[in-house]
Amino acid sequence: MKEDSCLQAALLCLSMLCYSHTLSTGPLNQSRPSLHGHHEKGKEGQVLHRSKRGWVWNQFFVIEEYTGPDPVLVGRLHSDIDSGDGNIKYILSGEGAGIIFVIDDKSGNIHATKTLDREERAQYTLTAQAVDRNTNRPLEPPSEFIVKVQDINDNPPEFLHENYHANVPERSNVGTSVIQVTASDADDPTYGNSAKLVYSILEGQPYFSVEAQTGIIRTALPNMDREAKEEYHVVIQAKDMGGHMGGLSGTTKVTITLTDVNDNPPKFPQSVYQMSVSEAAIPGEEVGRVKAKDPDIGENGLVAYSIIDGDGMDMFEITTDYETQEGVVKLKKILDYETKKSYSLKVEAANVHIDPKFISNGPFKDTVTVKIAVEDADEPPVFLKPGYIFEVQENAASGTVVGKVHAKDPDAANSAIRYSIDRHTDLERYFVINAEDGNIKTIKALDREEIAWHNISVFAVEVHKQHQEAKVPVSIKVVDVNDNAPRFAAAYEAFVCENARSNQQFITISADDKDDSANGPRFIFSLPPEIIHNPNFTLRDNRDNTASVLVRREGFSRQKQDLYLLPIVISDGGLPPLSSTNTLTIRVCGCDSSGSLLSCNAEAFVLNAGLSTGALIAILACIVILLVIVVLFVTLKRQKKEPLIVFEEEDVRENIITYDDEGGGEEDTEAFDIATLQNPDGINGFIPRKDIKPEYQYMPRPGLRPAPNSVDVDDFINTRIQEADNDPTAPPYDSIQIYGYEGRGSVAGSLSSLESATTDSDLDYDYLQNWGPRFKKLADLYGSKDTFDDDS
C-alpha cells in the first residue's frame, strides 16, 4: 500500500510538470511524465491536496508532411517506478500503434514512422501501459492520450464549381450584385492563416468587381449595353494566408450574360416601301411585307403593325407575323386597275411591351410609307347585271325577242364580245341568242302550263381570248294567256231519287282551269241555249265558282229511263273568255222515304204470261247452239279415221322390227300394218337419235307425198327415199342415211355361226328344245346327231 501511494504521488507531480512545461514551451516541445508528488497552498494559506494519478500529460503534437530521414520523435513515456534496470516494459496500443506510431519498450520514446496528412486524419487516440518485463504484470493502469497532427499550409483554395454562370440585366446600376462565388481550403482554419481566404478579380475589369472577403461579384460600370456586348468572362482568384505572399491560390471562371431590357425602339430600315398587286388578286391575298428592326429580343422585341393613314386604308389591311416580326400587307377588297392604279399607306410599328424605366428613351414606335401599284390584269368580260329576268308570252311565235344581255371587256383593250347559251341549261332548245348583240329569241312555242320559268345561262367570251369568259344567269318567265278552257274539277256522277221533289238540289259542281288565276276564275256555269228549258233539271250558278244542279219536276221512273246526260257550259274570266261544255251523268235510283239511296239498278218486271219475249229468245238461242255443237262433235267422231301412216312430226326409222307373231303367210296382206315401221321406243318417249338440222328451212316438193290412205309398202318406202334424197334439212347431211334405232335384243342371243370356230356338223342345237313351243319346229329341224342317225 505504501508503494502504491508513492507511485500515485509521483504521477501527479509528473502530470503537473508536463502541463506547465507545455504551456511554457509550446506545442512543438515533447513532454515527459513526472513521478514527483507535491502540494499547493490556497489563497489563505490553506493547503490543497490532489488525488494521486498515474499517466497524466497533455496532448502530443507531430507536424504533418514531415519528410526527414529519421522517424519523428513524438514524445516520451516514463514512470517514476522505473529505476532504469530494464525491468519495466512500455506497451503502446490504439489507433496507428505499431504501424504509424512505435514505442521503445525500454525508454518509452514514441516515434512516427510515416508521413502524416492532417487533411486525411487530424488526430490519433493511443493507450500506454507499463508492465513487468518478466511477468507482463501491469505495473500501472492503462491510460489514453491523443496525438494531434500539426497543420501546415499544404492545400490551395478550391472553388465549389469550376465554372459559374450568371445573368444581370443590361444597364444595371453600379454595384448590382451578380453572383457569389465560394472557395474552401482543406487546411486547419483554427491554426494560423492557412485557411484564411481573400478573393480578387484577375479578368473582367473594369466591368465587374468582387468583394475580397465574401466573393460577391458586382457590376462596376454603368449602362452596360447588351446590344453592344452580351457576354463577359470573369476570372476570380481565392488566396489563403490572408492574401499574403507565400499563400496558395485557386481560380474559377464566371460567365456573365447581360439580359435584355426594352431600351430600344423599333426602326424601319427605309422610309418608303414599294409594292405591286394585280387587279385580279382576290381579298386576303398577300401584297407584301415590311419589317421594323428592334435590337431587343424576346417580348421586348415584339412589334405590332397597323395602318394609321393613307388612301388605301379601305382596300388593304396589315397583320403581324410574330415568328418573323414582319408586317404582312394583305388585300381587303377587289381592285380595279381601270378605276385606280395606285394606293398609299402609312404603316406604324410599335413595341408591344414597354418598360417604364426606359420610357424616356421613347417613343417606342416608328412609321413608314407603303406605296402599292395596281397592275393591269387580263380580266374576263363583265356583264352589266349580275342576273337578268325577262318575260315572254306563251304561244308566242318562233323568233320572238325575249330580252337582251350585255357584257363588256373591263380591260383597256376593250375586246369584242361573243355570246352563247349554255346548252346544258336549255336542253330542249327553246331559245337562241345573237352572238354579237346578245338578243335572246324563242325557237319554238312556249307553254306556261308545262314550264312556267326557264332558267338558262349565257356565256360571254372575248373574241381574241377564248379562255376569258363570263357567265350570267337568265330567268325567263312565261306569261300566261287564256288558252285553256275550264272543265269539271272532278269526274262527277250524280244520283237522283225516283221520289225527288221539285227544285230539290242533289249535287254541287266546281271547275278547274290550267291557266293562271288572272285568266281562270271566276267561272260562270250555265245550260246550253237549246236545253235552257230542260223539263227535268235546272242549274243555279252560286257565283263562288260552284254551281248547284236541281230537280225541276217530281217523279222519276227507272223503268222508263234510269240515266240522264245533262250538258253544262263553263266559262272563265279571261280575255277573251273561253268556255267548254261538260256532261254530267245523272242516275235515277230508288230511295226510301227519308231520301237515302237503296238501289240504282234497273229492276226486271214479270209479265202475266211468264217470261218476257227477249228472255225466251235468249234461252232458245242458247239451246240451239248447244245442240249444234253436240251434233257436230258426234259427226266428226264417226267420220274420224285413224291414218295408217303419221305424216306430222313423224320420225321414221328404217329398221328391222322383230315380231313374235309369224302371221298368215305372204297372202295375209290385211294383217300387215305399216305403222310398225315407226320406232317403238320413240312412241314411249325415248328418242335416242339427236341429229342437228340445218339452219335454213326447206319446203318439200309437191307431188312426193304418197296418198294418205295408201297401204302399198313399196310405194311408201320409195316415196320416203325420194323425199330424203331431195330434202337438204333431213339427215344425213352428207351422203348416208342415218338410223338411230337398232332394234331390241333377243333373249335367245345370236343365231349366227360367224363367231363359231367349228363346222355345222360340230354344232350342238339341243338347247333349242328348251326354248318353248314356238321353236319346236326349229328344234326338230336341227336335232341332235343321235336323232339324225336314228332317222337314217
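Asn136 is partly exposed, with 49% relative accessible area. That makes a handy place to begin a tour of this predicted model.

**Positive phi angles**
- Asn136 is not a glycine, yet its phi is positive, near 60 degrees.
- To find Asn136, look in the loop that runs between strand 8 (123-132) and strand 9 (143-150).
- Arg171 also is not a glycine, and its phi is positive at about 60 degrees.
- The loop holding Arg171 lies between strand 11 (163-169) and strand 12 (177-180).
- With a relative accessible area of 26%, Arg171 is partly exposed.

**A cis peptide bond**
- Between Gln205 and Pro206 the peptide bond is cis, and its omega is near 5 degrees.
- Pro206 sits in the loop between strand 14 (198-203) and strand 15 (208-210).

- Asp263 belongs to the loop between strand 18 (249-259) and strand 19 (272-278).
- Asp263 counts as buried because its relative accessibility is 4%, and buried means under 20%.
- The side chain of Asp263 makes a polar contact of 2.6 Å with the side chain of Arg171.
- A polar contact of 2.7 Å links the side chains of Asp263 and Asn264.
- Beyond its neighbours within four places in sequence, Asp263 is in contact with residues including Glu170, Asp225, Glu227 and Asp296.
- Phe358, Asn361 and Phe364 are also among the contacts of Asp263.

Key: Residues numbered from 1 in each chain as written. Predicted model: local features only at pLDDT ≥ 70, side-chain atom pairs only at ≥ 80, totals over all residues. Heavy atoms only, no water. Helix = DSSP H or I, 4+ residues; strand = E, 2+ residues; numbered from the N terminus. Buried < 20%, exposed > 50% of the residue type's maximum accessible area, 1.4 Å probe, protein only. Polar contact = N/O pair within 3.5 Å; in protein donor to acceptor, adjacent residues only side chain to side chain. Contact = heavy atoms within 4.5 Å.
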